[in-house]
Amino acid sequence: MAKAKAKVGDRVRFLNAVGGGVVARVDGGMIYVEDEDGFLTPAFDKECVVVAEAGSQQSARRCDEAAMDIVSASSPAPVVPVPNVPDKPEEKFKETPEGEKLNITLAFEPLDIRQLSSTTWDVVLVNDSNYYLSVSLLCRGAGDESWTFLRATSVEPATQVRLAELDSTDIPALDFVAIQYIAYKTERSFSMKQPASVELKIDTTKFFKLHCYKDNPYFDNDVIAHEIVQDDVPAGKKKVDVNPANLRRSMLASKKAADMRPERKPLMKRQRHRDTDPTKELVVDLHITELVDNVRGLSPADMLNRQIDEFREVMDANLRNKGRKIIFIHGKGEGVLRGALIKELTHRYKGHDVQDASFREYGYGATQVIIR
């Protein structure tokens, strides 16, 4: 059955881009779609799908408003109300049999592994289990007798959490690092895990040696990783101070750290972009739903950081593929992600050819990069 052609007043959605609106004008094979802000977007008829015909009461009202806008081009564009759409129910975490054993990893991830003398490092805790964790991070230098408190927070199941950000001046105080944790579940019974305190001796000289960073399934880039717990067996000492006064201080410290940049990320083993054939066009969809299994616990800043991380991974993997064409699909939206990509291409990846991707193939929400 042939696809119905869009008519004035029909509500349509774009096939190759995010968004849609009401058809305000039809000119041959080209239609002009008015979005909720009153802006007209040209598109080919075959690149749109009709989701509500002009015969409905709502579409008729939009049609009248669109017609008035065409007749009086000098008048302000009408504001078209968008019906409230209920949010998609949050997906609940699904437990796995192997997740009944605690597996916890502490990793140091450099922001720029090519500039180890001046970069900063993220301290990331990976909770690969079905349990929630109450975690405290402490450190001390080789000549210190007392510990310094860095962060206390809770970690959801199957999640990685950014605990702290370090620079080169912080590294000398990391000769010893301690992780204290308590594991539990909510809204269900569970097998009790013993609380523990794990102390690690850190060779801080490795932070500045490229070969000391290794591949890890939980990270995009090479990291220095330390196993805190493997299959319920903690490394090092297993005692923890559960004095209520100390726990209360940890909770207060956690609240003070709330202003820190949001750090929770769904735990997933990421797919790398290693196709090195420069003759093939690479299309990368940066919509957050394509990068993570669910967005539980992610703030808008978290989502943007994840999208930028994906962009950097693709660029870094293809910098030697001269002539490689890469299409980054970011959507129209409010332009925040596109602006962030342009900033990266202007400063971090300058020198490559950058332009809007083909509207006919990708709509308005895509940027084309050719590696030079």
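Which residue in strand 3 is the bridge partner of Asp27? In strand 3, Asp27 is bridged to Met30.

First, some housekeeping. What you see above is a predicted model, in which local features need pLDDT of at least 70 and side-chain atom pairs count only at pLDDT 80 or more, while totals for chains, interfaces and linings use all residues. Residues are numbered from 1 along each chain as its sequence is written, and side-chain values use heavy atoms, with hydrogens and water left out. When I say helix or strand, I mean a DSSP run, numbered from the N terminus: H or I with at least four residues for helices, E with at least two for strands.

Now the sheets. Strands of a sheet pair through backbone hydrogen bonds, either parallel or antiparallel. Two strands count as paired here if DSSP finds at least two bridges between them. Asp27 and Met30 belong here: strand 2 (residues 20-27) pairs with strand 3 (residues 30-34) in the antiparallel sense over five bridges.

Another open sheet has four strands, ordered 9-8-11-12, and its pairing is antiparallel. Strand 9 and strand 12 are at the edges with a single partner strand each, so one side of each has no neighbour in the sheet. The twist in this sheet averages 15 degrees from one strand to the next. Strand 8 (residues 132-140) pairs with strand 11 over nine bridges, in the antiparallel sense. Leu138 stands opposite Ala178 in strand 11.

Next, strand 10. Seven bridges join it to strand 7 (residues 121-127), and the two run antiparallel. Val126 stands opposite Gln160 in strand 10. Is strand 10 largely enclosed or left open? Seven of the eight residues of strand 10 are buried, so the rest of the structure largely encloses it. Buried means under 20% relative accessible area, exposed means over 50%, and partly exposed is in between, with a 1.4 Å probe and protein chains only.

Two loop residues deserve a look. Most residues other than glycine have a negative phi. Ala158, in the loop between strand 9 (148-155) and strand 10 (159-166), has a positive phi near 50 degrees. Ala158 is partly exposed, at 21% relative accessible area. Glu187, in the loop between strand 11 (176-184) and strand 12 (196-201), has a positive phi of about 60 degrees. Glu187 is exposed, at 84% relative accessibility.

Last, a helix pair. The axes of helix 4 (residues 300-318) and helix 5 (residues 336-347) come within 11 Å and cross at roughly 40 degrees. Axes are lines fitted to C-alpha atoms, for helices over the stretch in contact, and angles run from 0 to 180 degrees between N-to-C directions. Helix 4 and helix 5 are therefore oblique to each other; angles under 35 degrees count as roughly parallel, over 145 as roughly antiparallel, 65 to 115 as roughly perpendicular, and the rest as oblique. In helix 4, the residues in contact (heavy atoms within 4.5 Å) include Leu304 and Phe311, and those they meet in helix 5 include Ala340 and Leu341.
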